[in-house]
Amino acid sequence: ARLRVRPLMARVAYTIGKQPLLVSFATVAGPSFNKLSLEDDFLRTLPPGAVTEVDAKTSFAVRPGVGLTYSVARRVGIVGFGGYMFNRPDLRYRDASGQEFRNVWKADAVGLSVAAV
């Protein structure tokens with residue numbers, strides 16, 4: 001199966017420190033629009049005419065994180081970010097015999113980035 005998550009999030013942050021180094025603590029949160037689909041390789045293994053259904057409910061995602069900004073010159077800086085997104089969508093699978101299975105997947109993710117601005 002393949003799970004696609006598309007969160008739509010809003011951010012709140014608080015920045016501390018003095019130039020040239022600033023530290024920002026941030027939380028980003030919002031709904032995650034999820035889609036579950038079965039791989040073609042799996043579908044080919046099913047008997048002809050067998051019908052299976054999969055569904056993923058919209059979940060709530062939150063990503064706390066820490067950002068660093070180091071100013072190397074006027075209007076030039078190095079920025080870095082690290083965060084962890086928590087997302088636990090509720091999934092449903094109905095097999096060809098009609099038996100239904102429900103499960104909450106752990107669709108968490110680590111986010112790290114470094115850039116020059």
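Tutor: Let us begin with contacts, meaning heavy atoms within 4.5 Å. Leaving aside neighbours within four places in sequence, Thr 52 is in contact with Leu 38, Leu 43, Leu 46, Tyr 93, Arg 94, Asp 95 and Ala 96. This is a predicted model, in which local features need pLDDT of at least 70 and side-chain atom pairs count only at pLDDT 80 or more, while totals for chains, interfaces and linings use all residues. Residues are numbered from 1 along each chain as its sequence is written, and side-chain values use heavy atoms, with hydrogens and water left out.

Student: Where does Thr 52 lie, and is Thr 52 buried or exposed?

Tutor: Helices (H or I, at least four residues) and strands (E, at least two) are DSSP runs, numbered from the N terminus. On that basis Thr 52 is placed in the loop between α1 and β4 (53-56). For accessibility, buried means under 20% relative accessible area, exposed over 50%, and partly exposed in between, with a 1.4 Å probe and protein chains only. Thr 52 counts as buried because its relative accessibility is 18%.

Student: Which residues does Thr 15 touch, not counting residues up to four places away in sequence?

Tutor: Thr 15, in strand β2 (residues 10-18), touches Leu 22, Val 23 and Ser 24 under that exclusion. With a relative accessible area of 43%, Thr 15 is partly exposed.

Student: How many salt bridges does a search of the whole structure find?

Tutor: Side chains of opposite charge can pair when their charged atoms come close. The criterion for a salt bridge is a side-chain nitrogen of Lys or Arg within 4 Å of a carboxyl oxygen of Asp or Glu. The search of the whole structure finds nine. Among them, Glu 39 pairs with Arg 2, the closest N and O atoms being 3.1 Å apart. This pair links distant parts of the chain, 37 residues apart: Glu 39 is in the loop between β3 (21-37) and α1 (40-44), and Arg 2 is in strand β1 (residues 2-7). Glu 39 is partly exposed at 34%, whereas Arg 2 is exposed at 51%.

Student: Which residue meets Arg 44 in a salt bridge?

Tutor: The partner is Asp 41, at 2.4 Å from N to O. Because Arg 44 and Asp 41 are three residues apart in helix α1, about one helical turn separates them. Arg 44 is exposed, at 62% relative accessibility, as is Asp 41, at 55%.

Student: Which residues are linked in a network of salt bridges?

Tutor: The network links Glu 53, Lys 57, Asp 90, Arg 92, Arg 94, Glu 100 and Arg 102. Arg 92 and Glu 100 meet at 3.6 Å, N to O. Arg 92 is buried at 14%, while Glu 100 is partly exposed at 35%.

Student: What joins Gln 19 and Pro 20, and what is the phi of Arg 75?

Tutor: Gln 19 and Pro 20 are joined by a cis peptide bond, with omega about 15 degrees; Pro 20 lies in the loop between β2 and β3. Arg 75 has a positive phi of about 65 degrees although it is not a glycine. Arg 75 sits in the loop between β5 (59-73) and β6 (76-87) and is exposed, with a relative accessible area of 77%.
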